[in-house]
Amino acid sequence: LPTTGGTVTLTLPQATGAGHTLIVGVSFWPLDVSSVTDGSGDTFTRGLATSIYHNVSGSASYNNFYYARNTGGGTNSLTLNFSGGNTYLLVAVAEVEGLDPSEPLDQSGYQESLTATTAWSSATVTTTAANEYLFSWAATEASNPTCASPATGWVIESQINAGATVCLLDRIVSASGSYQTSVTASSAQNYAMEIVTFKGGSSSPPPPSVSLVNPNSGA
């Protein structure tokens, strides 16, 4: 969706819960995300110091992610602030319970294709803790293909296909190791795909669970 005035506020489908982790994956063009805020006053950490550029003529984008740990809860308002002016963005949001309340971020990886393909896949990342939540989103601004057939163990939680596409995938794992995800697009397009892993709250808790995804419906 396009933004005006350098900010865009999303309405989440339900109020956030206290003590959870809120994760925001965003692909945007041409202005960088300067900060993320919510109605509970939570502190959001920028995942990548420098946003990654997907350099494709006519459908370029930048990619980054933000997360807030140990959220205050009780809000369904999320605001993305940009470095001035108007921009375009694709956003995937997940709220997760049971993650490390102090330092949840473990690994992240980026992969892209600058040529058209229906086989979209993430980088491979190696987790360092037993119980982790794996979050990934795939995006293209070239067209609006649908995403299907996720890699084994992964779930397509949501997708938006409206002149551009963003697909949110996730899974929960109980052992450290190397992980990668993939989807099949309905038509061949260039894409950018990020994968991020977050540690559970202790060495032997119940696995984390997803409380909220946004968007929670789409074409």
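Ser59 touches His54, Glu141, Ala142 and Asn190 when residues up to four places away in sequence are not counted, a contact being defined by heavy atoms within 4.5 Å. Ser59 is found in the loop between β5 (52-54) and β6 (61-68), where strands (E, at least two residues) and helices (H or I, at least four) are DSSP runs numbered from the N terminus. With a relative accessible area of 5%, Ser59 is buried; the term buried stands for under 20% relative accessible area, exposed for over 50%, and partly exposed for the range in between, with a 1.4 Å probe and protein chains only. From Val33, Ser59 is separated by 26 residues in sequence and by 18 Å in space, C-alpha to C-alpha.

The model discussed here is predicted, so that local features need pLDDT of at least 70 and side-chain atom pairs count only at pLDDT 80 or more, while totals for chains, interfaces and linings use all residues. Residues are numbered from 1 along each chain as its sequence is written, and side-chain values use heavy atoms, with hydrogens and water left out.

Asn81 and Val33 are 48 residues apart in sequence, and their C-alpha atoms are 5.8 Å apart in space. The residues that Asn81 touches, leaving aside those up to four places away in sequence, are Gly6, Thr7, Asp32, Val33, Ser34, Ser35, Val36 and Thr37. Asn81 counts as buried because its relative accessibility is 16%.

Ile52 lies in strand β5 and, at 23% relative accessibility, counts as partly exposed. Apart from residues up to four places away in sequence, Ile52 touches Ser61, Tyr62, Asn63, Tyr110 and Glu194. Ile52 and Ser209 are 157 residues apart in sequence, with a C-alpha to C-alpha distance of 29 Å.

The C-alpha separations of these residue pairs are set out below.

| Pair | Separation in sequence | C-alpha to C-alpha distance |
|---|---|---|
| Asn81 and Val33 | 48 residues | 5.8 Å |
| Ser59 and Val33 | 26 residues | 18 Å |
| Ile52 and Ser209 | 157 residues | 29 Å |

## The salt bridge

A search of the whole structure finds 1 salt bridge, the criterion being a side-chain nitrogen of Lys or Arg within 4 Å of a carboxyl oxygen of Asp or Glu. The side chains that meet in this way are those of Arg46 and Asp32, at 2.9 Å from N to O. The pair links distant parts of the chain, since Arg46 belongs to strand β4 (residues 45-46) and Asp32 to the loop between β2 (21-29) and β3 (33-38), 14 residues apart. Side chains of opposite charge can pair when their charged atoms come close. Arg46 counts as partly exposed at 25% relative accessibility, and Asp32 counts as partly exposed at 28%.

## Backbone features

The loop between β2 and β3 is also the place of Pro30, which is joined to Trp29 by a cis peptide bond with omega of about 0°. Positive phi values in residues other than glycine occur at Asn70, with phi near 50°, and at Ser149, with phi of about 55°. Asn70 lies in the loop between β6 and β7 and counts as partly exposed at 46% relative accessibility. Ser149 lies in the loop between β12 (147-148) and β13 (155-161), and at 52% relative accessibility Ser149 counts as exposed.

## The chain as a whole

The protein chain has 0 helices and 17 strands. Its radius of gyration, taken over C-alpha atoms, is 16 Å, which agrees with the value near 17 Å that a compact globule of 219 residues would have; the globule rule is 2.2 Å times the number of residues to the power 0.38. Along its principal axes the C-alpha trace spans about 45 × 40 × 30 Å. Buried residues make up 50% of the 219 residues. Of the contacts with a separation of 6 or more, 81% are between residues 24 or more positions apart.

The accessible surface of the protein chain comes to about 8500 Å², and 47% of this belongs to carbon and sulfur atoms, with areas from the Shrake-Rupley method and a 1.4 Å probe. The chain carries 4 positive and 14 negative charges, whose mean positions are 6 Å apart. Lys and Arg count as positive and Asp and Glu as negative, without His and the chain ends, and each charge is placed at NZ of Lys, CZ of Arg, CG of Asp or CD of Glu.
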